[in-house]
Amino acid sequence: MMTDKRLLVLVALLVAIASHFGLGQIISLQSPDSGLVPAARARLATEWQSVTVGGGGYITGVYPHPKEPDLVYVRTDNGGFYRWSGQQWQPITELLPRGDWDYDHNSGGEALGLDPQNQEVVYVAVGKYSDQPGTIFKSTDRGQTWLTSDLATPMGGDEDKRWAGQRLAVSPANSKLVLFGSRREGLWRSLDGGFSWQQEKGLPDKLQQGIGVLNVAFDPQKNHIVYASVYGDGVYQSRDDGVTWSPLVGSPPKVMQLQVAQDGTVYTTNHRSPQVAKYSAGTWQDISPGGIIHKNFNALGVHPEEAQTLIVSEGEKGRGQIFYSQNRGQNWRKLRSRVKFKMPWLAPEFFNDHPAALAFDAQTPPQVWLTDWFSVWRTSTPLDSPVLWSSQIAGIEQTVVFSLAAPPEGAKLISGIADQDGFYHRDLTQSPQARLGFQRRGFKLSQLNLTGNRYLDNFFQDTFHLAFCQNAPQNLVRVGGQRWRETYLGATSSDGGRSWQPWQQIPADKLFMRVAIAPDESAHYVVTVSEDLPLVTFNNGQTWTEVTGLPAGEPGPWNWNQPLAADGQDSDHYYYYSEGRVYGSRDGGRTFQMLATKLPQAQRYVLTTVPGSSGEIWLSLDRGGLYHSQDGGNSFERIKSIAAAHLVTVGKTMTPRDSAPVYVYGSLADGRSGLFVSQDYSAPWQQISTLTQTPRSIKVLVASQQEPGLIFAGTDGRGIYYRQFEASVMSSSPPVPIISDT
């Protein structure tokens, strides 16, 4: 059996090789006696680049190391974890093992923990939704490589109270002791630095379903003392490193954040009264800032060296007020904040919107980090009024992508985004100046009850889908709306997506999901409706007709299927897929008839047509495979070399005489998975990106109609990626060399 010393030498050698060749790696955690064993997988540093937007998602926690200035980590609800490099954020969890094809479970950030004694060590608890188990990973090199643990418990990084809590804690006296508070299975304890975990029964099982043990914190000075908050049941104390627990009588029942100062004082922010509390000398005291009637305080920061200094913020609301105390909460100063933006598209109204975390950096004078629903902020002035906060978002791409369009001229990319409307990109490396928005031009907002906020009234919260007219690509149409108001609408552009005008006539109570526009007639398009029949317009939305012959659309908005497409050449022809059947229209979308009827049913599918080609359809049916029709949907041929097709898109030809390249995200019959391309589907498909080389959590795949070989991938929480493939990659021979995942 190999000795520990020889194993460690082998691990070091493999890490050095991986670093030299730009490889990342996952290492499996075995028992402490067996040492570290490298897993049998590594991946190439990919050539995929992020389309620059900047932020765009919920940053749910910030973690400065107490002993090293500027060593800071953040977690996000659905976009993984990042480390601050001094100028921008670096993603550190891109190499975690893959989750399910439908969504990447490992992109959910449930918790993060730092070892107070060792700046190199960081733990992350990952799991997006608690309907399946998550786990904990450990890094001993600041997130460059990862060690897996044996923990398997439901986690919900994108679920309720994800903006609260500190669930992971490492003992400041013993780096091998780590505690984790779970949502559904109580407290977990590791005695070997994260190698193995045991469920502890000392805490009561009065767990509010789906929230559970929200906070765990060690006393930084007194060994063996640790605190935990059980949401709905208050705060508990352990004097034996988390084995047995006693309730702290009189504690707030619904604690949001809990921290222990250097002098042992426990501070909490809470849902409802008391909004802020402290526990010292066996007594709880309400120290809430005076005159505040908001029901909830959330973000809490305690200075790592000055026990009397703390900062708190209102939570679960827009533009929460921030308060600062230098005498343990006896007196508070309300901060007057000024903001300096590095994201030109984000409005000042969104600073400290639903704040999640506040933390002091170990600098002199101290700086404060703040995270909220849109960005990361840092003070660049002392905490004297007014305080200047600057956005520090470079490197974090966390948008959830609903739709992408890459037209044959104009913008390189136009995106439809959840919560952030969407963006127009001419330069993929620059943050846009503004969201897509729309111009009113006589449009009466009172028609849709959209009055109230001058900024919110001028954009969609979500753009669910957008499409361009193939032969007049300056004309586009999109559907979306403002989800929080349950108001849905559409808009058109006549200048390539730079400006938008809302539809003048909008059918009432319709959630529009998808749109297909005729290749030659920009005023003619069909829209699908959530749980209702599709509609068609021939005059740019001035009048609408209900489509006949189609089933009601799937429920939205959290749906990425693409059932509808216009023909690539004929403006009278449209196609639609539903439950194993393809329907076709020959009268511009007024009526549809059933065509192919024996296709597999799929929960995830994309129907797309080929620009400039009449009657040619590609249909990806997830694990049901890939299908091709050349006769307008009357018959389909299954592409037998493709075992699973999760997404499909058609790109621009290299030369006018070439066939259009078809890209498939899925797996081949020979077992290989990733991204494949073919210009002649009867020939072998070329693998151009292995599964681990391909961005995770892809929901949308679109090839450029402007640049051959340029492809975009929209994700569920990691923004938009792009990659430019060379002409040689697109040819059928010689095969493209690919390094295997295994």
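Predicted model: local features only at pLDDT ≥ 70, side-chain atom pairs only at ≥ 80, totals over all residues.
Trainee: Is T649 buried or exposed?

Mentor: Start with its place, strand 53 (residues 642-650). Helices (H or I, at least four residues) and strands (E, at least two) are DSSP runs, numbered from the N terminus. Buried means under 20% relative accessible area, exposed over 50%, partly exposed in between (1.4 Å probe, protein chains only). The relative accessible area of T649 is 7%, so T649 is buried.

Trainee: Which residues does T649 contact, leaving aside neighbours within four places in sequence?

Mentor: Contact means heavy atoms within 4.5 Å. By that rule, T649 is in contact with P661, V662, Y663, L701, V702, A703 and I711.

Trainee: How many residues line the largest cavity?

Mentor: On a 1 Å grid over the protein atoms alone, a cavity is a set of points where a 1.4 Å probe fits but cannot get out, and a pocket is an open set with protein on both sides within 12 Å along at least five of seven lines; lining residues have an atom within 4 Å of a point. Grid points are joined across faces, edges and corners, and a volume is the space filled by probe spheres set on the points. The largest cavity holds about 730 Å³ of space. H465, A467, F468, T608 and T609 are closest to its centre, and the count of its lining residues is 37.

Trainee: Which strand gives the most to that lining?

Mentor: Several strands each supply at least two residues, among them strand 37 (462-468), strand 53 and strand 57 (698-703). With five residues, the top giver is strand 57.

Trainee: What is the volume of the second largest pocket?

Mentor: Picture the test first. Rolling a probe the size of a water molecule over the atoms shows where empty space is left. For the second largest pocket, the volume is about 910 Å³.

Trainee: Which residues are closest to the centre of that pocket?

Mentor: Elements giving two or more residues to its lining include strand 4 (59-64), strand 8 (109-114) and strand 21 (255-260). Of the 34 lining residues, the closest to the centre are P64, P66, P116, Q259 and V260.

Trainee: How many residues are in the second, separate nonpolar core?

Mentor: A nonpolar core is a set of buried Ala, Val, Leu, Ile, Met, Phe, Trp, Tyr and Cys residues joined through side-chain atoms within 4.5 Å. In the largest core, of 70 residues, W89, W503, F512, V527 and F712 touch the most other members. The second core includes L647, V648, L675 and V677, and its size is 29 residues.

Trainee: How far apart in space are the C-alpha atoms of Q505 and W544?

Mentor: Q505 sits in the loop between strand 40 (501-502) and strand 41 (512-517). Beyond residues up to four places away in sequence, Q505 touches G541, Q542 and W544. Q505 and W544 are 39 residues apart in sequence, yet their C-alpha distance is 8.5 Å.

Trainee: Is E486 buried or exposed?

Mentor: Find E486 in the loop between strand 38 (476-482) and strand 39 (487-493). E486 is not a glycine, but its phi is positive, about 55 degrees. Its relative accessibility is 66%, so E486 counts as exposed.

Trainee: Which residue does a cis peptide bond join to S273?

Mentor: Look in the loop between strand 22 (266-270) and strand 23 (276-280). There, omega is about -10 degrees, and the partner of S273 is P274.

Trainee: What pLDDT does the protein chain average?

Mentor: pLDDT is the predictor's confidence in each residue, from 0 to 100. In this chain, 88% of the residues score at least 70, and the average is 87.

Trainee: How many contacts beyond near neighbours in sequence does the stretch of residues 1-45 have in the model?

Mentor: Treat this stretch with care. Its pLDDT is below 50, and its count of such contacts is 76.

Definitions and conventions. Residues numbered from 1 in each chain as written. Heavy atoms only, no water.
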